Amino acid sequence: MKYNLELIKNKRKIIGFSTVLILLSLLGILYSTFNTSYKKPINLGMDFVGGNELRIERICKEECSNFSPDSVLENLRENSKNKNLLNNIKLQSQNNNKLISIRTPYLSIEESNNLISNLDNIIGPLNYESKDSRLIGPKLGKRLLTNCITSLLVSLFAISLYITIRFDKKYALFALLALFHDLLIVFGIFSWLGIILSVEVNSLFAVSLLTIAGYSVNDTVVIFDRIRENLKSKKEGYNETIQLSVNESFRRTTFTSITTLIPLLSIILFGSYSLFWFSLALSLGIIVGSYSSILLAPSLLLKD
Amino acid sequence: MKRRQGWLFFIIFLFTLSVYLLINYPLQLGLDLQGGSQLTLQIIKEEGKVTRDELEAVNSVIDKRVNNLGVSESNLQTLGGDQLILELPGEQNPLVASRVLGKTALLEFRTQKKGTSTDLKALQLQRLTIKELIEQYSFAEKSQNDNNLNVIQDDLKNIEQELNYSSTSNDLYGKLIEIKKYVDKGITNLFIKTDLSGKDLINAGRRQEQTNSNWEVLLTFSNSGGEKFAEITKSIAGTNQLLAIILDGESISEASVGNQFASTGITGGSATISGNFSAENARELEVQLKGGSLPLPIEVVETNTIGALLGSKNILKSLYAAISGLIFVGIFMIFNYRILGIVSVLSLVLYGFFNLAIYSLIPVTLTLPGISGLILSIGMAVDANILIFERIREELYDGNTLTRSIDSGFQRANSSIVDGHITTLLSCFVLFLLGTNFVKGFAATLGIGVLISLFTSLNCSKTILRFFTTYQSLRQKNLYLPKNNFSN
């Protein structure tokens, strides 16, 4: 089976498509920075701003009774000393009213326990064995954020350095362009997710960006290697050789992306909820990464 | 051929070893898989960085306190130079631990400044009133009684006037606590430091008072501490100066020393603090005093609690995800590469076992992000196989013999596989160095996975494939290439 991607013909289209994606991402980031309640390029989650997140299941004989989140909150408010906190509390129910999730600003362990026992009084009994509670102080959140940003910068720097040493300038530049293209688009998608669905990003999101960086460069390296190898034996013209190389490695690149996507999809489908957005970010990164390795990066190498 | 057979035995040996390791040294599960609590403790230093010595000193105090608390199987480790992570597996309430660990527990013995009796009496009275107001506040809050709340507000204003201090907190409860702290500080300031402190203790205990249900805490001094205590009590015996026992800046007991001790002071090397303790408070103070005071204050900055049921659900879910991932990747590979696909499935299975065996050897504590790193690395492990198989196919299309195609397939793919994994390893390395505990798990499993995959996909696949090709019936080219493509 030979593949025949018409890279030379479609160069403009590919670059145009990527430009549109990048502009959309930038738009999301700008909109998120100026037009949302959180005023950040992306909706930062609890890991970075601190707070309290609680998930707990109710024990119900058959079906769990309906309740209105507002009245539960009203009830909780009446039983709490900390008035300020309960202005910022969010309560949701899932799984036919069985699973309750609550978000509040940072609480001490004592306050959090009080909140749970109050909740138990209102819509209990609760199954404490199913509890998932996270309390993160605001100081730690800031630190995690700086930590994540440093990790990202350091590893991007390390990868750039590696690529520059390994390839000549032109290849390195385009491989890196493709890498930043991938990261920017995944970031942009999550900016939009934050705006539309109030999806938040946590430290695992930073991890996914780092993993995407490693993975996407890997893909590009394989294709560029092929191009270099074929250029040495030079049977055809420069542009044609590039197109041929891409077609030769097309199968390999799509296949490895598929075999990496399959496990990620199984985490999305079967895995724990705490890994859902993480796996989604990775999957998106791998899709965008393969696109940029197969189509974008080689197109940038083409001569007019 | 002989060399390959040697490899085959080696791989079988490694496999048996892995199974043996996994049976005898079970994997360590993180708290998100077995349930429990994790506390992150931040050491607070106003100026400069926390030194290694300070970190170790704090670590040892916390360690003693945790042990004295009687928490089973707890695990304490340092993180990033100024943080400690305490893990409490199972259904143990992190509340007590956080209360006991969070206090500096700096114990001081102070004597009253001369001529401050009237001031002290006034402050003691105010302290009592504030305490009562705080109790009343809890009642009034629960019963939603606004009248009572107004009364408390008025009383508070009176005290503020007496103290000539106005609180800055927004809500009533905050104001009460603020005033209480102000009064406590005022009392402490009426006393002068002595050279006797918590460092002079060799033991602490607790017992119930005989007259009522309150508890008291018993202190046992070292020899020199006993002498200091005698000296101090002697100096104020029979005067109207009091002896205060101050914990973290708050006086928990003020007592007079009787005239009968004027000649020798209180000897015997022990003292009791009877400060209306509840059983729980007495135990907490006992644990804190036994462990000694913290050289630097700490703060609990993060608490994660996961129920045991949720933990076992997480294990199941991860198992489903891992197994279905493996199965679908296997189907994909066999569909596309036939015999070669079977080879890669076999090396994937080996890969899984080797990974888990390494986890139990190092040991790596398995967490949810860790498992996702492992599952993700399945995909990356296949990556190398695909590179090789594609090369083999190309060689076969070019009309080469099977043995030759296999050889040059492995040879030619070698360098790009190693190269390609370097960037992923770089990311893992950075993550492991800079990441939080949670992130480290992911970086560790992904990194280990990538390294092991180099061995399994290069060496194991090659050995298995060579083994297969020793059978004549498995040497037909169409077993390696899909038929429709073969005519291509």
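User: How many bridges join β4(B) to β5(B), and which way do they run?
Analyst: This is a predicted model. In it, β4(B) and β5(B) are joined by 4 bridges and run antiparallel.

User: And which residue in β5(B) is the bridge partner of Glu108(B)?
Analyst: Ser197(B) is the partner of Glu108(B) in β5(B). Glu108(B) also has a bridge partner in β8(B), namely Ile246(B).

User: How many bridges join β4(B) to β8(B)?
Analyst: There are 5 bridges, and β4(B) and β8(B) run antiparallel.

User: How are β8 and β9 of chain B joined?
Analyst: By 6 bridges, with β8 (residues 242-247) and β9 running antiparallel. For one residue pair, take Leu243(B), which stands opposite Ala255(B) in β9(B).

User: Let's zoom in on Leu242(B). Where does it lie, and is it buried or exposed?
Analyst: Leu242(B) is in strand β8 of chain B. Leu242(B) has 20 other C-beta atoms within 10 Å, so it is buried.

User: What does Leu242(B) touch?
Analyst: Leaving out residues up to four places away in sequence, Leu242(B) touches Gln112(B), Glu254(B), Ala255(B) and Ser256(B). Thr111(B) is 131 residues away from Leu242(B) in sequence, yet the C-alpha to C-alpha distance is 5.9 Å.

User: Switching topic. What's in chain B overall?
Analyst: Chain B has 15 helices and 11 strands. Its radius of gyration is 34 Å, well over the 23 Å that the globule rule gives for 488 residues, so chain B is more spread out than a compact globule. Its C-alpha trace spans about 110 × 55 × 40 Å along the principal axes.

User: What share of chain B counts as buried?
Analyst: 42% of its 488 residues. As for contacts in chain B with a separation of 6 or more, 74% link residues 24 or more positions apart.

User: Which strands pair across the two chains?
Analyst: β4 of chain A (residues 126-136) pairs with β11(B) in the antiparallel sense, over 5 bridges. There, Ile136(A) stands opposite Glu302(B).

User: What sheet does that pairing sit in?
Analyst: An open sheet of 8 strands, paired antiparallel. The order is β2(A)-β3(A)-β1(A)-β4(A)-β11(B)-β1(B)-β3(B)-β2(B). Its edge strands are β2 (90-94) of chain A and β2 (75-79) of chain B. Neighbouring strands are turned by 20° against each other on average, direction ignored.

User: Which helices of chain B pack on it?
Analyst: Helix α3 (residues 52-69) touches β1, β2, β3 and β11 of chain B, and its direction makes about 165° with that of β2(B). α4(B) packs on the sheet too, touching β1, β3 and β11 of chain B, at about 170° to β11(B).

User: Last one. Which residues touch the most other members of the largest nonpolar core?
Analyst: Ala175(A), Val186(A), Phe190(A), Leu209(A), Ala213(A) and Leu431(B), in a core of 181 residues. Beyond its neighbours within four places in sequence, Val186(A) contacts residues including Leu209(A), Ile212(A) and Ala281(A). Another core, of 12 residues, lies apart from the largest one, with Leu133(B) and Ile152(B) among its members.

How values were computed: Residues numbered from 1 in each chain as written. Chains lettered and ligands numbered in written order. Predicted model: local features only at pLDDT ≥ 70, side-chain atom pairs only at ≥ 80, totals over all residues. Rg over C-alpha atoms; globule rule 2.2 N^0.38 Å. Contact = placed C-beta atoms within 7 Å. Pairing = 2+ DSSP bridges. Core = buried A, V, L, I, M, F, W, Y, C linked by C-beta atoms within 7 Å. Axes fitted to C-alpha atoms, helices over the stretch in contact; angles between N-to-C directions.
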